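Let's take a walk through a protein model together. Have a look at the sequence and the 3D view first, then read on.

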Amino acid sequence: MASGDDPNRMIDVDQLLLSKKLEPLSEQHRAELVAIAKLDVSAYSEMEVRTYVIDRIVRILGYDKGTVFSADLEHPVTFLGKNIFPDYKFTLWNENFWLIEAKKPRMNKVAFEYADFSQAIEYSVHPSINASLVVLCDGVKFEIFDREASVDAPMLRVMITELPRDFDKLRAVLEPMQVWFFQKRRVVRMIDKVFNKEFNMNRIGEFSDLVDRRLRSKHQIVIQNYRNTPRPDENADLDFVRTATPEDIIELLLFEERRIPVTNAVNLRLVELSTPSSFPVMLRIFPEEPRDATDVYMAQALAYLMRLAESQPSVQLIPTWLTKDSGDRTLDGATKYLLRQCLTYFSDYEPYRIILLAANAIRRIAKVVAISNNAVQSIGKELHAFARHELPEMSWAQILGSPEHQIIGLMDGQVRGALYGFVKRHSGDDRPFSGGRRSFQVESAKATLKSIWQLEAQLVASVGNYPKLMQERSLGDLRSIEWCSITYDYLGHFALCMMHLFPRWQQYALETHRDRLEDLIKLGSSKAREMLGVAPLSKVEALPDEVIATRFFFGDVHMLRTLRASYIGTSTTS
């Protein structure tokens, strides 16, 4: 059935959430399958079928003794005091979910018969196993039965001679993660089986509440399982940073907030890439003419200068705008200038002030649309379903994945694209008599930004009670998007946070910019409170609206109050 509000959409979200895409098979495993397919099993015993066919296939499927996906051989189960020994029981996280029975090859039998199947069925119904999937293999063929669906015909038959071609069919049912998802489909199937016969409407609500309580009771167990489960990509982001190119670092990672080890690695990698020549890195981060940038980008760019200044006193290139006040062409001089701009929201360099304000306005608009537009909400669910199907289950992307996470990703992509367009639109052109130089058009960009604010105010007003809607449709993001560059100076706050590895620069900020740190406390910076020793919850006097409007709205107090009221609920006349 289609998802969302559009009846023409044919994406089965439920099916995607209950299935998993296969990972590529290694060349080593492909070669082994070819070798298995060429075996002459005509004279094999049952034990030889197990050793030379089943054992090898089981390992390729991903099961191994002593792992979370284990194959137990001849582990006894008891019926009425009698021990019997299934050939193989397969466990996922110590739970049994399926089994294989080995048989002696019968070269002239196309399919297994009742005598072959009955013993395996007996094993499968034992309470300690309770396997819906029952597999038979005689070295000639694999047959998989779903005993809850049919015991008359297998759901899948694969001939061993065709393993190289058809192995993905086996994998799609029997790989550990595929069995895991099969069990989840099994739960849903049982609900359908029971409630398709229900005749009391109240029972649906009662059962829904019961299931919800049971699932909520599993939260602590899931958290503990999460802590105990290894993630193969746990440090993939760090590994990427350590070998990333300047383009990857600057155009991707400088725009993103990451965990502290990754942020530190980005900083170190940029300095490493600046040796022996910092020219390519400096030119891309700080071009002579303004480029697209955000609060996060500028704070990380400042940290790069701080670390670079610790390792070398001078560089081949320092952009003119970074030394335009003092004329100090040293790295220290450039770093001091950029620090002052980050702590005053670029009060002395209007091009970047406009660009940063535009970035925050565009991001606010993107979030309003994401929260208020039902189509975007549906797209988030569909993208999450695709990610759940496509990405490895035991990965950070899956653990952190959600429809809301997908919507945040959409927003970030939209913001980057729109911001790039904004800067490009106001960067002039190479006209014949301009000397080939592009110059950022400050007044044109400022006029466009003002029109963006007007559009934003109209959009938020059209939603109604946006603060309440934002609560009800929370994206779970930790970024204060609605407050940035309205009542909260995130650039100044994040710049201070990036200084934790640079004691010299922290001391310089305390000695030289104390009054600016005090302003940042009034603009929401917990880091400024920490640096000045101000208690976290102690009240501070608010900055006058005129001062805030000068910082974020070119002095337009009315626009400040309008947007503040829309997002925070503060009176427009306060």
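What follows goes from the whole chain down to a few single residues.

First, some ground rules. This is a predicted model, in which local features need pLDDT of at least 70 and side-chain atom pairs count only at pLDDT 80 or more, while totals for chains, interfaces and linings use all residues. Residues are numbered from 1 along each chain as its sequence is written, and side-chain values use heavy atoms, with hydrogens and water left out.

**The whole chain**

A contact here means heavy atoms within 4.5 Å.

The chain has 26 helices and 8 strands. These are DSSP runs numbered from the N terminus: helices are H or I with at least four residues, strands are E with at least two. The radius of gyration is 31 Å, well over the 25 Å that the globule rule gives for 574 residues, so the chain is more spread out than a compact globule. (That radius is taken over C-alpha atoms, and the rule is 2.2 Å times the number of residues to the power 0.38.) Along its principal axes, the C-alpha trace spans about 90 × 65 × 55 Å.

Buried residues make up 45% of the 574. Buried means under 20% relative accessible area, exposed means over 50%, and partly exposed is in between (1.4 Å probe, protein chains only).

**A covered strand**

Why is strand β4 (residues 88-92) called largely enclosed? Because 5 of its 5 residues are buried, the rest of the structure largely encloses it. Y88, F90 and L92 point one way, K89 and T91 the other way. Strand β5 (residues 95-102) runs antiparallel to β4, and 5 bridges join them; DSSP must find at least two bridges for strands to pair. One of these links has Y88 with I100 as its bridge partner in β5.

**A covered helix**

Now try helix α21 (residues 490-497), where 7 of 8 residues are buried. Among them are Y490, H493 and F494. The cover includes α13 (295-311), α14 (331-343) and α15 (350-372), as well as α23 (514-522) and α24 (526-532). At the start of α21, a side-chain oxygen of D489 comes to within 3.3 Å of the backbone nitrogen of L491.

**Residues in loops**

| Residue | Loop between |
|---|---|
| P276 | α11 (260-273) and α12 |
| T294 | α12 (279-285) and α13 |
| S485 | α20 (466-472) and α21 |
| F554 | α25 (545-552) and α26 (557-568) |

The peptide bond from T275 to P276 is cis, with omega near 5°. T294 counts as buried because its relative accessibility is 8%. Leaving out residues up to four places away in sequence, T294 touches F255, L356, A359 and L419.

S485 has a phi near 60°, a positive value in a residue other than glycine. Its relative accessibility is 2%, so S485 counts as buried. F554 also has a positive phi, near 55°, and is not glycine either.

Terms used: Polar contact = N/O pair within 3.5 Å; in protein donor to acceptor, adjacent residues only side chain to side chain.
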